[in-house]
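Please examine the sequence and the structure shown below.

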Protein chains: 6
Amino acid sequence: MRERVVYLNGRLVPESQAVISVFDRGVQWGDAVYDAARTFNHRPFKLREHIERLYRSCRYTRMPIRLTPDAMEKHTLEVIEPNMPLLGPNDDDMIWWTVTRGVNPLTRSVLDCHEATVIICTFPVPFRAFAKWMTRGARVVTPSVRRTPPQCLDPRAKVSNKMNHILADLEVKAADPEAYSLMLDIHGNLAENSGANFFFVRQGQLCTPAAHNILEGITRATIVELARSLGTPVVEGDFTVYDVYTAEEAFLATTTYSILPVAQLNGAPVGGKRPGPLTRRLIEAWNALVGVDIVAQALSHLELEPLAVKR
Amino acid sequence: MRERVVYLNGRLVPESQAVISVFDRGVQWGDAVYDAARTFNHRPFKLREHIERLYRSCRYTRMPIRLTPDAMEKHTLEVIEPNMPLLGPNDDDMIWWTVTRGVNPLTRSVLDCHEATVIICTFPVPFRAFAKWMTRGARVVTPSVRRTPPQCLDPRAKVSNKMNHILADLEVKAADPEAYSLMLDIHGNLAENSGANFFFVRQGQLCTPAAHNILEGITRATIVELARSLGTPVVEGDFTVYDVYTAEEAFLATTTYSILPVAQLNGAPVGGKRPGPLTRRLIEAWNALVGVDIVAQALSHLELEPLAVKR
Amino acid sequence: MRERVVYLNGRLVPESQAVISVFDRGVQWGDAVYDAARTFNHRPFKLREHIERLYRSCRYTRMPIRLTPDAMEKHTLEVIEPNMPLLGPNDDDMIWWTVTRGVNPLTRSVLDCHEATVIICTFPVPFRAFAKWMTRGARVVTPSVRRTPPQCLDPRAKVSNKMNHILADLEVKAADPEAYSLMLDIHGNLAENSGANFFFVRQGQLCTPAAHNILEGITRATIVELARSLGTPVVEGDFTVYDVYTAEEAFLATTTYSILPVAQLNGAPVGGKRPGPLTRRLIEAWNALVGVDIVAQALSHLELEPLAVKR
Amino acid sequence: MRERVVYLNGRLVPESQAVISVFDRGVQWGDAVYDAARTFNHRPFKLREHIERLYRSCRYTRMPIRLTPDAMEKHTLEVIEPNMPLLGPNDDDMIWWTVTRGVNPLTRSVLDCHEATVIICTFPVPFRAFAKWMTRGARVVTPSVRRTPPQCLDPRAKVSNKMNHILADLEVKAADPEAYSLMLDIHGNLAENSGANFFFVRQGQLCTPAAHNILEGITRATIVELARSLGTPVVEGDFTVYDVYTAEEAFLATTTYSILPVAQLNGAPVGGKRPGPLTRRLIEAWNALVGVDIVAQALSHLELEPLAVKR
Amino acid sequence: MRERVVYLNGRLVPESQAVISVFDRGVQWGDAVYDAARTFNHRPFKLREHIERLYRSCRYTRMPIRLTPDAMEKHTLEVIEPNMPLLGPNDDDMIWWTVTRGVNPLTRSVLDCHEATVIICTFPVPFRAFAKWMTRGARVVTPSVRRTPPQCLDPRAKVSNKMNHILADLEVKAADPEAYSLMLDIHGNLAENSGANFFFVRQGQLCTPAAHNILEGITRATIVELARSLGTPVVEGDFTVYDVYTAEEAFLATTTYSILPVAQLNGAPVGGKRPGPLTRRLIEAWNALVGVDIVAQALSHLELEPLAVKR
Amino acid sequence: MRERVVYLNGRLVPESQAVISVFDRGVQWGDAVYDAARTFNHRPFKLREHIERLYRSCRYTRMPIRLTPDAMEKHTLEVIEPNMPLLGPNDDDMIWWTVTRGVNPLTRSVLDCHEATVIICTFPVPFRAFAKWMTRGARVVTPSVRRTPPQCLDPRAKVSNKMNHILADLEVKAADPEAYSLMLDIHGNLAENSGANFFFVRQGQLCTPAAHNILEGITRATIVELARSLGTPVVEGDFTVYDVYTAEEAFLATTTYSILPVAQLNGAPVGGKRPGPLTRRLIEAWNALVGVDIVAQALSHLELEPLAVKR
């Protein structure tokens, strides 16, 4: 079977040849930014918004990127095109960009980097990783590791420095390998999952942590718009676990799965039926927007493929 | 000319072939740890201590590393041996280890990573980057970016998530490209340079920020021992810029340059002659310990090679 | 079978009659302090130290207590004496004091309370709750709930306001009902278990969180003394989970079980054999001090009684 | 004279027999939550809202309560009914609920508690405690003790752990026994009185500390609604003493006294006439809502009863 | 040439005789508050608002001022009148008030101060200090010194305790003598320049740090009103450098220069053309409001006078 | 009677002529530092230490001072000499230095200040302000205002920006005009009085807040030395009010009164007899060191002069 292609510094190469030097600053220091989008029905969703956010991350970290956003979009489409036919039934593609500060002799000045490494790749949306939570609701746990504060590294930039998130996941998954983390900021306010934003419904309002502690999710922004169009008030602010323990519904939101209902926080049930009524309406509005029934698409993967044996 | 070799997942390969997949978690997430040592007179210095610290970083981040520390040491020597003859006169080698959580389909669970990527490489100590400060003293500047607090990511683990440090350097070097950063913690206490520890002398005592906000440097520990053997009291604690503005001497300390005298903090002179009297005695003790005159070695590189044209 | 007696405001009453008004401020506001000691071989251990700490808690909270410490000690012995014969084989007694601000019409001023409620009771040490961890080592988990900071309520006073600890336990036990919590302070430093202090061994030193974030345990103080008498350096300071992940041994310490080896932190093993070599020496020194083999005593309860069916 | 009755775990008992075991976790650990409502003209005010808040407190603390909110309301009315005739002229009733985690052998796991202790009682509103401030305005003082932060124990849950508040009151009343505390949070923002919310008027706006640092008072919410219905803008946010020193009016608000004008902060006068014009309009709107002239009712108690001799 | 006059404690004196005792608490302790206004076209701008803010500062610091605001306004006009004719062409006047706690034998109680020292003076707006940035845009730098938090000294009061600001300026100007500081608060949020507020434009919204960390500028409030009247949404909140690095425009705002476009933050360009389109519209609206073309007025001073030789 | 003289910018002038321009930055911005010493038996005490601390304050704030420390000492003696004969019986002199950044047209750059204003004055030690507390013990109160953190302005520099201290005193003295403030830092640790350091004795150890939150008192350092010479262990660290509520003795220490016993903290008695036994021994050692019985000297002023009528 033909391999997927990867854009790497101006060339399209097969996945197996998409390699970078161990002397690249992305490898040595995590001196890189990234972004991720996906397709629905094989059509990229909000591609330009993702590329613009990638460039905001570059600006914040002063990446020496020479490609314009337009060129980045063009190359992205060049990667998607040959990869799309390789998808299975009911599949869609994740689109992934990485920009590093390039290859540079170690211990040289950060100012001496003049050519970013640019990577664009795609791979199938990992439906089987989350499909069963679509109907059961995810188990969410707050780890003791706190989200890095903005004065050290702004959570709104998508920097390839995920160890803070990874430590949170390791702690949460040590007790329950299937649980999702919900990180708090250093003041104990709700922040985010390692790869998703968090929403909950309280007294009929849709609530979500304010932008200063979190990645400003494009899925998140879309859900806020959808909720408002449904006449639901949306509150962005500083919330704590108290709000979730006493909430009526909750869900996670990210590019990969769009909306994932939450069933528990730290072992305590959140709300009643999963998904809750507002979550259900938001999923329906989402489906209408993207032209895919995201729950049916996810569940179809549980039927089609046997679950991998857990090591 | 023959290339240096790199150890990469069990094989020795030429530098130009030392590449890893863009799907490695080290590339995609900065999900990696590293360490660095060097040789003096072509003999590795405190190799075992560095490897043990690397394993502490692995333990903290739960890297799925299978190599034992003994095997890591053995492979390190296998890299050093063929690379050493490639050094120029008065050169010495940096030794660099990187351990990533390996190649893993993106968005899969962190628990599904079972084989770390291990990289060992060497390259010449970049003497020309710092040699002139050996006698003039470095200019040090405190950036506004604060060091990530331990409750988010412990500074004592050498994690390949250096964007916090890099942002600090970018800020400092924007105003003075040759300046060194001195980061503060979120309470405003002195922390560290992006790649070095900080020391100063006040009222005859050698002072250095306490371990909880910084990388626990092996050079740092060696200097503390040397100072005590010279009869100088050493104080580890929480210090502020006030201490440095009123200090008698100051220096940076790291594997690369060992001891680098400091001339200024934020444009204000620190002490009088550079290096100051205690710094000078510590350099002499260091030279005796490692068997190299580190100042002479560094300066020899200024004489031998023309300075690169600055872009 | 005869009931145990309880001292209640000047009288000895049977347990079943040891009741207080629902209008007592201890019931309504948690406006109370407490302390706990135990016997070894039916002899009270450091009784006076516990009573003095109880009085420090009273002084901090300005409890209107009229009993002198001497009278408190005398009444304590009056409670212990008739209760001791009711103990089973290999049993010992917990001794528990509670002092509330007394009965007061609700919403009246705190200054209008002039007579404390004083309760002294005993009950058997609950060996079966912890005995199996004596040899296996306890599983310890850091909850996301942080320890109340001293500027709000000083952790050194034993105040009957344990909801902060209880929330931590609820969070930890939701994922693993047998796990022990290890709370962090609001800066992410190690603090304490909901009812015990924490120790670990790193590089041959016995380390324990500094007193400002924790209950100043009398068991803790005794262990520090024992360690020093064994020639082991003891360090009190600000530590993080990094220290424990890279530690050689760890244990919990409190009145109830004295010393309880720790096997894991957040699912990661701590050290090798449980108990570790220094922990073992401290247990031996403890046994010598109190005249009881605390491990054997605990294990004897596993043999004697069938484990209760878990609901 | 007949005694008032108390609901205690399913039974109605006379006050003097409303006692609980000293082994109840409410007594031993303050492991309890509570709520308080009152009557106006002998009619309970917003009873259901108070019961719902009580259940939110239960949910946050995972109290093993078996009563439904409906049953709780029914039992509450059963307590009120026989107690109401015992009130004096111009009196009204306070209604008080306490839910503890029940009787449990000490040092057993928090998970082994399966039956909450439930207490419902009433007692007359203590008008004489606050009546004179209704016209003179209360003296308010900021203590140095800070309000416990939400990441340790959420102020929005009414937990029977009031020592933080009590220490604040003790500090304030040591200098002025009649003063009311106004606690600040750990960032120095205005929080709340030990038993009341705080409001002030600045530049024509009604301002009150945001919900995250305080008990979400039902009186507070009602006042916000009344102010908005009067056309007054209401701002919830982070305020400091600067705001109050430069305010035009201020008042305290709680179930017991509804609205209590404030005359001073830390000895400095707040505004001019007491109550100020907006406060006066809010009191009038409140009176209309509850059908009682709260100022007249309070003052009538000063006339009817001689003031108690102060000890 | 005739001297300008100064109001000093009830008398108008020539500048050269406007002196106060070294025993004045303003000299010895910085125990003073101040405010500053200016004229446009020789007409005082928002004089009453500045005097009211001065009195708020007095109230916060309990200055023993006896003058009423009306008298203060009258005396201010008495100072302006004789000073105005001394202005050069295209000049305008700064108006400066200082109120100290008066002369008091040192180390006496702060309560024993009963007569404030009151100073009112004017001097020409220092156009040449900022004129060139009007068209080029200012270079702004974030120092490591953080803005004093409100719980220590409220930034909204104009207290003559500017060392925090001065340290920030010294740090910033050590690297670039012409740079303007942009201080952050202790959480890393944008606060203010040492003498000006900060604004930026992001996604078409005008953003400015919320009032709790900054001087509540009267110029700032006027700009907010102007922006709203232009139909531009204004957001006051907690922002970080990320917001500015990714902003479209930025400017400083204060009494002296009204609106000063910003060209760079920490060496990174902010937006494109200076001033940006919204900034330009705000300057035009400002000009219309005050009746002066502030850019032309400033630039005229560059043409009229040779730049001083820099020492 | 002849006036005392003041050193002012190179000249000795009579007190009544010791005036500075209202345009001096010390007046306008509090842009100044200061220090204070005193005489015992008319001999200056530790004059050089005070001058050196003054120069550390100058270095931290980059004051453009041209006088050398030797010249400063010489001029100080020139002021003392003529002033000494003006002292009354049993009097001693306070010596006060102020250094401002000089006269500078307002709103000009801080870099354009090249000549500091230097003031040296003396005045009699205000014995009557504190004498009665020498035997009764002072009443100490913790205000809600927190001490400015070092990252904003280092407490170790004596900057003429005392409003933070003054607000604390105003708050404390509003409730009790004779009380002394004891400020806490932003974490709630004990810091200092507005003009003195704080000491307490607990379990036989002399304890005092660590240097990072306080002025590094020269009296404080001397007391630490005296205590150690008496064989008393001294602990510098982070303490809270809990420590003082449970302490055996406490006292304040500063240049003016040397050692002032403390009787109460927030209305609660501290220890028993005042001064406590260790305080008494320290006073005796102090008396021996300075050659004056400080208690007798203070009390003599109560006898000699009638107490002023309190306004």
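How many bridges join strand β3 of chain A to β3(B), and do these strands run parallel or antiparallel? Strand β3 of chain A, residues 19-21, is joined to β3(B) by 3 bridges, and the two run antiparallel. Two strands are said to pair if DSSP finds at least two bridges between them. Within this pairing, A:Val19 stands opposite B:Ser21.

## Basis of the report

The model is predicted: local features need pLDDT of at least 70, side-chain atom pairs count only at pLDDT 80 or more, and totals for chains, interfaces and linings use all residues. Residues are numbered from 1 along each chain as its sequence is written, while chains are lettered from A and ligands numbered from 1 in the order in which they are written.

Helices (H or I, at least four residues) and strands (E, at least two) are DSSP runs, numbered from the N terminus. Two residues are in contact if their C-beta atoms, placed from the backbone, lie within 7 Å.

## Chains A and B

The contact between these chains involves 53 residues of chain B and 53 residues of chain A. On the side of chain B that touches chain A, at least two residues each come from β1 (5-8), β3 (19-21), α1 (25-29), β6 (93-100), β7 (117-124) and α6 (163-175). The most is given by α6(B), with 7 residues.

By class, this side of chain B has 31 nonpolar, 14 polar and 8 charged residues. Here Ala, Val, Leu, Ile, Met, Phe, Trp, Tyr, Cys and Pro count as nonpolar, Asp, Glu, Lys and Arg as charged, and the others, Gly among them, as polar.

## Chains C and D

Chain D and chain C each bring 53 residues to their contact. On the side of chain D that touches chain C, α6(D) gives the most, with 7 residues. Strand β3 of chain C, residues 19-21, is joined to β3(D) by 3 bridges in an antiparallel arrangement. There, C:Val19 stands opposite D:Ser21.

No contact joins chain C and chain E, and their closest C-alpha atoms lie 14 Å apart. Chain A and chain F likewise do not touch, with their nearest C-alpha atoms 14 Å apart.

## Helix packing in chain E

Helix α6 (residues 218-229) and helix α8 (residues 277-290) of chain E pack at an angle of about 110°, with axes 10 Å apart. Axes are lines fitted to C-alpha atoms, for helices over the stretch in contact, and angles run from 0 to 180 degrees between N-to-C directions. The angle makes α6(E) roughly perpendicular to α8(E); angles under 35 degrees count as roughly parallel, over 145 as roughly antiparallel, 65 to 115 as roughly perpendicular and the rest as oblique.

In this contact, E:Ile223, E:Leu226 and E:Ala227 of α6(E) meet E:Leu282, E:Ala285, E:Trp286 and E:Leu289 of α8(E). The contact has 7 nonpolar, no polar and no charged residues.

## Helix packing in chain D

In chain D, the axes of helix α2 (residues 47-61) and helix α3 (residues 69-83) come within 10 Å and cross at roughly 130°. The two helices are therefore oblique to each other. D:Leu47, D:Arg48, D:Ile51, D:Glu52 and D:Tyr55 in α2(D) meet D:Pro69, D:Met72, D:Glu73 and D:Thr76 in α3(D). By class, this contact has 5 nonpolar, 1 polar and 3 charged residues.
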